[in-house]
Amino acid sequence: MQRLLILGAGISGHTAALHAWKKLKGTHEVMVVSPNKNWNWIPSNIWVGVGFMEPKQVTFDLEKVYYKEGIHYRQAKALEIYPEGNSEHKKPCVLIEYTSEGRRGQQEFVEYDYLINSTGPKLNFNATPGLGPEHHSYSVCTYGHADETWKALQILINEMRHGQKKRIVIGTGHGTCTCQGAAFEYLFNVEYILKKEGVRHMAELYWISNEAELGDFGMGGMHIKMGGYVTHSKIFTESLYAERGIKWITQAAVKEVRDKELTYEDLDGVMHELDFDFAMLLPPFSGVGLTAKNKAGADITSELFAANGFMKVDGDYTPKEYDNWSPEDWPKSYKHPKYDNVYAIGIAFAPPHSISKPMKSKSGTPIFPTPPRTGMPSGVMAREIAFNICDRMLGNPEKATRTASMAKMGAACIASAGAGVLDGTAVSMTVYPIVPDFETFEETGRDLNFTTGEIGLAGHWIKHLLHHGFIYKAKAKPFWRLIPE
Amino acid sequence: MSKRIPYGQNYYPPVPTGFTKWKRISKFWQFFRFMIINLKMLRMVRKH
Ligand SMILES: Cc1cc2nc3c(=O)[nH]c(=O)nc-3n(C[C@H](O)[C@H](O)[C@H](O)COP(=O)(O)OP(=O)(O)OC[C@H]3O[C@@H](n4cnc5c(N)ncnc54)[C@H](O)[C@@H]3O)c2cc1C
């Protein structure tokens, strides 16, 4: 019996575990190592951050699901990978450290035949002095953060009710942040809740971001057909900001956050101060800090991981100018080039470069979004790579040829812009391919028949449906496989 | 919509008319859009 070891039970790791288990039908072992015993539907954390949902509505106990399905589970975090084994273990193995009550701090080597690294991001608040919930800004990246943020927002709303004017700043807290979509959603949900609470007129809302223009979202924005024009998302996004009375600052790298004040640098290298009463600023992401050693015990971390801590796979990592980027640079099989039983999916794999054009300030500060790896592509990669591994485990390596390049894959994304069942709105977007391909689609890099966007109440209904649908699927309830990634 | 300040940031972008805003939350129209958006998303899902 062989073992597939999956590190991380987030959107990609959990999806891979369920699909692999179903396909292997108990003939081989699937083991998941993840430090948090709760599974979290991260996209709905936004709604926790505005009090529309409670943490328990966006989480469930992972162990119960794994127990029911027969998937082995260790509540632990991976520390070090030994892709050639070590002096005690002939087989490749991973050093893990338990985080569960009773075993906290205990370490153990877990052997594997196949490994998927789906450890997602480290929320790197330390990259900007003063950033994050332990310092001077809030976050919605985890359900815990979002809950704290909602508590702080309630206090602010109360003060506004008592006649105090407030400035709210939402966006990215570093020059190289990704996930602008999440901050965008939070901004518009806050705007909606302020209106509902009757205090919108007391708040000045600011968006601050490292995007070149509004509507970039880390993927260079997108063009869609509308009203007889092919129009860039910048236009629609600016329209929404103007409509809702939100001011915006783009091309900004937040350099420091202090008590009720932040400093940001613009592309001219000029520093600006912005004061605020409440700030929700996303951190930049890096890999979770896994290290690696070879059989002799020598450090091979840089062979497995890029400098940003994400795992190298089959992408083309040769440094290239923007004009020389190609869709072919993007990974297809997510397999490590040397250790062909090691894979990385979701946010954990190292992208070859960004999707948005890299920009630097005059003083050399990078100010551009790193590439987003949202839920749908993370799930699709997870499924395809799990199937490939299962085919290899089941003795059918010739079938293990599925690919999931972000340059050949589309994504559907619903960005909430106010959570009300009868008066809420959300932006519904489809984009194909995620990484623009200017060789195939010369004008805009995308297929205009599959790249669409609109705002309305229907989007909110769909977002709600997806919330329940994906949690149902993640609980592996009957017919879960009918719900697509 | 916030008051448009000539030559200000919010002066230039297009903003929706009352009818467009009404359509965005009209239950009848949005039910129809709900079907269409779901079809678009399914089409995207089937591409992979
Ligand atoms: C606030 C917010 C809103 C978002 N909204 C949307 C949205 O509306 N639509 C969308 O498509 N995407 C959205 N995203 C992005 C989406 O959440 C990510 O694409 C997705 O979670 C990536 O999946 P992943 O499995 O790579 O990482 P994660 O889901 O982050 O999972 C990583 C897992 O690894 C575990 N882990 C960490 N360290 C270790 C370790 N050392 N060893 C073992 N396990 C470890 C973590 O505990 C976690 O379980 C949002 C993101 C945020 C932050």
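Helices (H or I, at least four residues) and strands (E, at least two) are DSSP runs, numbered from the N terminus. The model described here is predicted: local features need pLDDT of at least 70, side-chain atom pairs count only at pLDDT 80 or more, and totals for chains, interfaces and linings use all residues. Side-chain values use heavy atoms, with hydrogens and water left out; residues are numbered from 1 along each chain as its sequence is written, while chains are lettered from A and ligands numbered from 1 in the order in which they are written.

Two backbone features of chain A lie in loops. Lys25(A) sits in the loop between α1 and β2 (29-34) of chain A. Its phi is positive, about 50°, although Lys25(A) is not a glycine. The other feature is a cis peptide bond between Tyr432(A) and Pro433(A), with omega of about -10°. Pro433(A) belongs to the loop between β23 (426-431) and β24 (452-456) of chain A.

Chain A is divided into domain 1 (3-121 + 287-399) and domain 2 (125-212 + 250-284). These bounds come from an automatic or database domain assignment. The C-alpha centres of the two domains of chain A lie 29 Å apart. Domain 1 of chain A gives 27 residues to the contact and domain 2 of chain A gives 32, where contact means heavy atoms within 4.5 Å. About 2200 Å² is buried between the two domains of chain A, and carbon and sulfur atoms give 62% of that area. Buried area is the accessible area (1.4 Å probe) that two parts lose on being put together, summed over both. On the side of domain 1 of chain A, Ile46(A), Val50(A) and Ile367(A) lose the most area to domain 2, together 28% of what that side buries.

Helix packing within chain A is illustrated by one pair. Helices α1 (residues 11-24) and α3 (residues 62-69) of chain A pack at about 15°, with axes 11 Å apart. Axes are lines fitted to C-alpha atoms, for helices over the stretch in contact, and angles run from 0 to 180 degrees between N-to-C directions. α1(A) and α3(A) are therefore roughly parallel to each other (angles under 35 degrees count as roughly parallel, over 145 as roughly antiparallel, 65 to 115 as roughly perpendicular and the rest as oblique). α1(A) passes α3(A) in a left-handed crossing. A crossing is left-handed if the near helix is turned anticlockwise from the far one by less than a right angle, and right-handed if clockwise. From α1(A), His14(A), Ala17(A) and Trp21(A) meet Leu62(A), Val65(A), Tyr66(A) and Glu69(A) of α3(A).

Chain B was examined next. Helices α1 (residues 18-25) and α2 (residues 27-46) of chain B pack at about 65°, their axes 6 Å apart. Lys23(B), Arg24(B) and Ile25(B) of α1(B) meet Lys27(B), Trp29(B) and Gln30(B) of α2(B).

The contact between the chains takes 25 residues from chain B and 41 from chain A. It buries about 2900 Å², of which carbon and sulfur atoms give 69%. Arg24(B), Met44(B) and His48(B) supply 24% of the area that chain B buries against chain A, more than any other three residues.
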